[in-house]
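Visitor: Hi! Could you walk me through this one while I have it open?
Guide: Happy to, let's bring it up.

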Amino acid sequence: MNYDVIVIGSGPGGYVAAIRASQLGLKTAVVERESLGGICLNWGCIPTKALLKSAQVFEYINHAAEYGIKTAEAEADFAAVIKRSRGVADGMSKGVQFLMKKNKIDVIMGTGKAKPGNKVEVKGADGTQKEYTATSIILATGGRSRELPNLKQDGKKVIGYRQAMVLPEQPKSMVVVGSGAIGVEFAYFYATLGTKVTVVEFMDNVVPVEDEDVSKQLLRSFKKAGIEVMTSSSVESVDTSGNGCKVQVKTASGMQTLECDIVLSAAGVVANIENIGLEETGIKTEKGKVVVDEFYNTSVKGYYAIGDIVGGQALAHVASAEGIICVEKIAGHKPEPLDYNNIPGCTYCSPEIASVGYTEKAAKAAGYELKIGKFPFSASGKASAAGAKDGFVKLIFDAKYGELLGAHMIGANVTEMIAEIVVARKLETTGHEMIKSVHPHPTMSEAIMEAAADAYGEVIHL
């Protein structure tokens with residue numbers, strides 16, 4: 001069959017690209033080897049948030065007395081928590097199936113591979129092969145858990161994020177290797193349910209891509225929650241020959257041995273670029289990623305790539321935005337290239353983390369003279385009422401022109417607040433305009449206005 005567009009992969013990049021292509025009148029098919037929605041929907045963003053919500057509810061119940069509520073002792077049903085998470089993911093996957101039908105997109109189940117001459121070969125689960133042609137072929141094959149050379153995953157004692165979501169029983173102890181978003185989210189989840197958790201981070205700070213003030217606050221919050229954190233440390237080896245694991249950790253003060261039931265490798269993701277036809281078609285790669293231009297053209301005409309397999313942040317919302325831009329360009333529209341310096345990042349541990357733009361360190365390195373405002377949630381009436389006083393909002397402005405260079409938040413619900421900053425930066429809003437934009441009281445979002453006011457010496461509630 002011949003199509004205008006075939007998308008290989010149905011994650012948040014692939015299925016969004018397919019829907020937008022169909023909306024623009026292009027005959028579209030999507031190829032998927034496992035489940036519609038990809039890793040994000042089935043094994044990433046969505047089911048992990050379901051797990052984290054269960055942990056948050058459990059945490060609320062355990063602290064009910066602080067809110068004047070008497071409860072019996074709560075007990076977490078680990079199997080039921082996992083079951084709920086899988087149910088949420090399954091429901092969302094069915095939603096994507098509905099969207100495919102609604103938009104008249106053909107779903108081809110099997111493993112897709114790009115071939116020369118604008119062709120896609122699909123191998124079914126039964127081994128049969130079929131060939132399809134398309135004017136435009138979009139590669140959106142996503143990523144998988146990165147496996148470190150000295151930390152081989154066996155799927156039982158040394159696991160990746162997929163196994164961490166469906167463990168048959170709750171481990172009594174766990175070592176989490178890596179403190180990026182995946183690592184700290186699972187650390188919070190398991191620690192809240194009662195697992196003894198130790199986080200090992202190679203860099204000097206936890207969540208190392210974040211502003212250093214955010215990293216320091218999360219470290220304090222984690223320690224308060226009973227999570228042990230080892231920074232500037234590396235896992236050298238894991239012995240799984242006994243009942244549990246013996247983890248050799250190299251620290252600044254020497255080698256340490258940690259004993260645990262499970263080791264979770266959370267050292268990031270690697271792109272799925274193997275066996276998707278790059279070599280046969282002559283599509284160029286660099287440092288494990290497909291090389292594309294600002295509209296996601298690869299080095300071979302008619303072939304495109306989006307999402308985790310190209311440069312830029314490996315985030316679901318980035319993949320979706322890339323997919324939309326890609327197909328709008330294919331359809332002859334004139335989309336703006338994506339501004340990768342205005343992409344929000346969110347981490348859903350407790351306290352939550354949200355950020356966009358320059359960190360203080362990066363802004364200084366770029367040569368900006370800065371005005372920095374910071375407002376702690378300990379000074380927020382809403383945060384006090386909610387019992388969520390940990391954290392702050394930090395805004396970074398260019399002192400010369402008032403441009404909002406970056407925002408860094410840690411605290412309750414900050415992942416819902418960051419969008420205001422993304423829009424403000426897109427509209428080139430200045431610090432003074434933010435100060436004069438009246439925010440509702442009492443809300444957590446008032447901290448944004450107050451942080452802007454702090455940068456210019458006009459803060460009221462500090």
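Visitor: Great. Which residues is Val197 in contact with, leaving aside its neighbours within four places in sequence?
Guide: Val197 touches Met174, Val176, Ala187, Tyr190, Ala191, Gly226, Ile227 and Glu228. Please keep in mind that this is a predicted model.

Visitor: Noted. Where is Val197 found, and is Val197 buried or exposed?
Guide: Val197 belongs to strand S10, residues 196-200. Its relative accessibility is 2%, so Val197 counts as buried.

Visitor: Tyr190 came up among the contacts of Val197. Which aromatic cluster is Tyr190 in?
Guide: Tyr190 forms one aromatic cluster with Phe78, Phe186 and Phe189.

Visitor: How many aromatic pairs does the structure hold?
Guide: There are seven aromatic pairs. One is made by Tyr358 and Tyr368: the ring centres are 5.6 Å apart and the planes meet at 70 degrees, so the pair is edge-to-face, the cut-off for that being over 60.

Visitor: What does the pair of Tyr358 and Tyr368 tie together?
Guide: Tyr358 is in the loop between strand S21 (352-357) and helix H10 (360-365), while Tyr368 is in the loop between H10 and strand S22 (370-376), so the pair ties together parts that are 10 residues apart in sequence. Tyr358 is partly exposed at 22% relative accessible area, and Tyr368 is partly exposed at 27%.

Visitor: Where do charges sit over rings?
Guide: Arg86 lies over the face of Trp43, 4.0 Å from the ring centre. The charged end of Lys374 is over the ring of Phe392, at 4.3 Å from its centre.

Visitor: Switching to helices: at what angle do H1 and H9 pack?
Guide: Helix H1 (residues 14-23) and helix H9 (residues 316-330) pack at about 30 degrees, with their axes 8 Å apart. That angle makes H1 roughly parallel to H9, and the crossing is right-handed.

Visitor: Which residues meet there?
Guide: On the H1 side they are Val16, Ala17, Arg20 and Ala21, and on the H9 side Ser320, Gly323, Ile324, Val327 and Glu328.

Visitor: How many residues of H1 are buried, and what covers them?
Guide: Eight of the 10 are buried, so H1 is largely enclosed by the rest of the structure. The cover includes strand S1 (2-8), strand S2 (28-32), helix H4 (78-102), strand S6 (129-139) and H9.

Visitor: What about H3 and H4?
Guide: Helix H3 (residues 45-62) and H4 pack at about 145 degrees, with axes 8 Å apart, in a right-handed crossing. Among the residues that meet are Ile46 and Pro47 in H3, and Val81 and Arg86 in H4.

Terms used: Residues numbered from 1 in each chain as written. Predicted model: local features only at pLDDT ≥ 70, side-chain atom pairs only at ≥ 80, totals over all residues. Heavy atoms only, no water. Phe/Tyr/Trp six-rings, centres within 6.5 Å; stacked < 30°, edge-to-face > 60°. Helix = DSSP H or I, 4+ residues; strand = E, 2+ residues; numbered from the N terminus. Buried < 20%, exposed > 50% of the residue type's maximum accessible area, 1.4 Å probe, protein only. Lys NZ or Arg CZ within 6 Å of the ring centre and 35° of its normal. Axes fitted to C-alpha atoms, helices over the stretch in contact; angles between N-to-C directions. Parallel < 35°, antiparallel > 145°, perpendicular 65-115°, else oblique. Left-handed = near helix turned anticlockwise from the far one by under 90°. Contact = heavy atoms within 4.5 Å.
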